[in-house]
Amino acid sequence: MIATLEHVDILDYAEQLGQKILQCEIVEQYKQAKLNLQNDATAQQLIRDFVATKDDYEDVQRFGRYHPDYNEIMQRVRATKRKMDLNDKVAAYKVAERHLQIFLDDISEQIAFSVSEQIKVPKDGAFLSNSSCGGDGCGSGGSCSCQAS
């Protein structure tokens with residue numbers, strides 16, 4: 001592709017927009033929440049416990065309900081996730097992450113709709129906003145036969 005002056009201007013505007021986004025309050029709150037989470041020993045231990053339990057869950061999933069430890073692992077996964085989610089640092093991080101995601105989705109929508117209202121814009125981090133799986137995409141890689149409308 002041959003770079004034209006117009007392309008260079010667009011890239012410059014995109015760079016400026018990126019810098020402004022990095023300087024905004026929502027991004028600063030996200031960075032602070034992430035730093036607080038990374039520096040909290042209790043939260044990090046809860047995350048490690050959840051990851052270990054999740055690994056056990058993935059092993060059990062290969063056999064489903066027929067695995068002898070299925071019920072125990074399912075209860076343990078729910079309990080460790082609940083315990084992790086109730087930690088104040090984890091909860092604050094998730095809230096900040098959600099606010100940042102909404103902010104970036106809004107920016108993406110503004111840019112896309114300034115070109116055309118027909119452009120499909122991903123929302124909530126999803127790539128398909130219209131599918132046969134309830135509207136948010138299923139995340140199963142198409143195994144449920146969902147399709148973009």
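The exercises below, each with a worked solution, concern a predicted model of a protein.

**Exercise 1. The overall fold**

Task: State how many helices and strands the protein has, and in what order the elements run.

Solution: Begin with the count of elements. The secondary structure consists of 5 helices and 0 strands. Next, read the elements from the N terminus on: the order is α-α-α-α-α. Last, turn to burial. The protein has 149 residues, and 22% of them count as buried.

**Exercise 2. A salt bridge within a helix**

Task: Find how far apart the closest N and O atoms of Arg76 and Glu72 are, and decide what kind of contact this is.

Solution: Step one is the distance. The closest N and O atoms of Arg76 and Glu72 are 3.3 Å apart. Step two is the cut-off: a salt bridge needs a side-chain nitrogen of Lys or Arg within 4 Å of a carboxyl oxygen of Asp or Glu. The contact between Arg76 and Glu72 is therefore a salt bridge. In general terms, side chains of opposite charge can pair when their charged atoms come close.

Step three is the position in the chain. Both residues lie in helix α4, which covers residues 70–85. Because they are 4 residues apart there, about one helical turn separates Arg76 from Glu72.

Step four is the surroundings. Arg76 has a relative accessible area of 30% and is partly exposed. Glu72 is also partly exposed, at 41%.

**Exercise 3. Following Asp85**

Task: Which residues form salt bridges with Asp85, and at what N to O distances?

Solution: Take Lys81 to begin with. Lys81 and Asp85 form a salt bridge in which the closest N and O atoms are 2.8 Å apart. These two residues are both in helix α4, 4 residues apart, or about one turn of the helix.

Now take Lys94. The side chains of Asp85 and Lys94 also meet in a salt bridge, with an N to O distance of 2.6 Å.

Then check the exposure of each residue. Asp85 is partly exposed at 25% relative accessibility. Lys81 is partly exposed at 33%, and Lys94 is partly exposed at 34%. To close, consider the total: a search of the whole structure finds 4 salt bridges.

**Exercise 4. The aromatic pair**

Task: The structure holds 1 aromatic pair. Describe the geometry of the pair formed by Tyr30 and Tyr93, and classify it as stacked, edge-to-face or tilted.

Solution: A pair of aromatic rings is described by the distance of the centres and the angle of the planes. The rings of Tyr30 and Tyr93 lie 5.6 Å apart, centre to centre, with 35 degrees between the planes. Planes under 30 degrees apart would count as stacked and over 60 as edge-to-face, so the pair of Tyr30 and Tyr93 is tilted.

Tyr30 is in helix α2 (residues 25–38), and Tyr93 is in helix α5 (residues 88–115). The two residues are 63 residues apart, and the pair links distant parts of the chain. Both Tyr30 and Tyr93 are buried.

**Exercise 5. A patch of charge**

Task: Name the residues that gather in a patch of negative charge on the surface, and describe the position of Asp9.

Solution: The patch of negative charge is made up of Glu6, Asp9, Asp12 and Glu15. Asp9 is located in helix α1, residues 5–23. Its relative accessible area is 35%, and Asp9 is partly exposed.

**Exercise 6. Sequence and space**

Solution: Asp105 is a residue of helix α5. With a relative accessibility of 6%, Asp105 counts as buried because the cut-off for buried is under 20%.

Pro122 is in the segment after α5 and is partly exposed at 36%.

Arg78 lies in helix α4 and is partly exposed at 45%.

Methods:
Residues are numbered from 1 along each chain as its sequence is written. This is a predicted model: local features need pLDDT of at least 70, side-chain atom pairs count only at pLDDT 80 or more; totals for chains, interfaces and linings use all residues. Side-chain values use heavy atoms; hydrogens and water are left out. Patches are made of residues with over 30% relative accessible area and no salt bridge: like charges are joined within 9 Å, nonpolar side chains (Val, Leu, Ile, Met, Phe, Trp, Tyr) within 5 Å. Accessible areas come from the Shrake-Rupley method with a 1.4 Å probe; for residues, only the protein chains shown count as cover. Lys and Arg count as positive and Asp and Glu as negative; His and the chain ends are not counted. The place of a charge is taken as NZ of Lys, CZ of Arg, CG of Asp or CD of Glu. Buried means under 20% relative accessible area, exposed over 50%, partly exposed in between (1.4 Å probe, protein chains only). Rings of Phe, Tyr and Trp (its six-membered ring) pair if their centres lie within 6.5 Å; planes under 30 degrees apart count as stacked, over 60 as edge-to-face and the rest as tilted.
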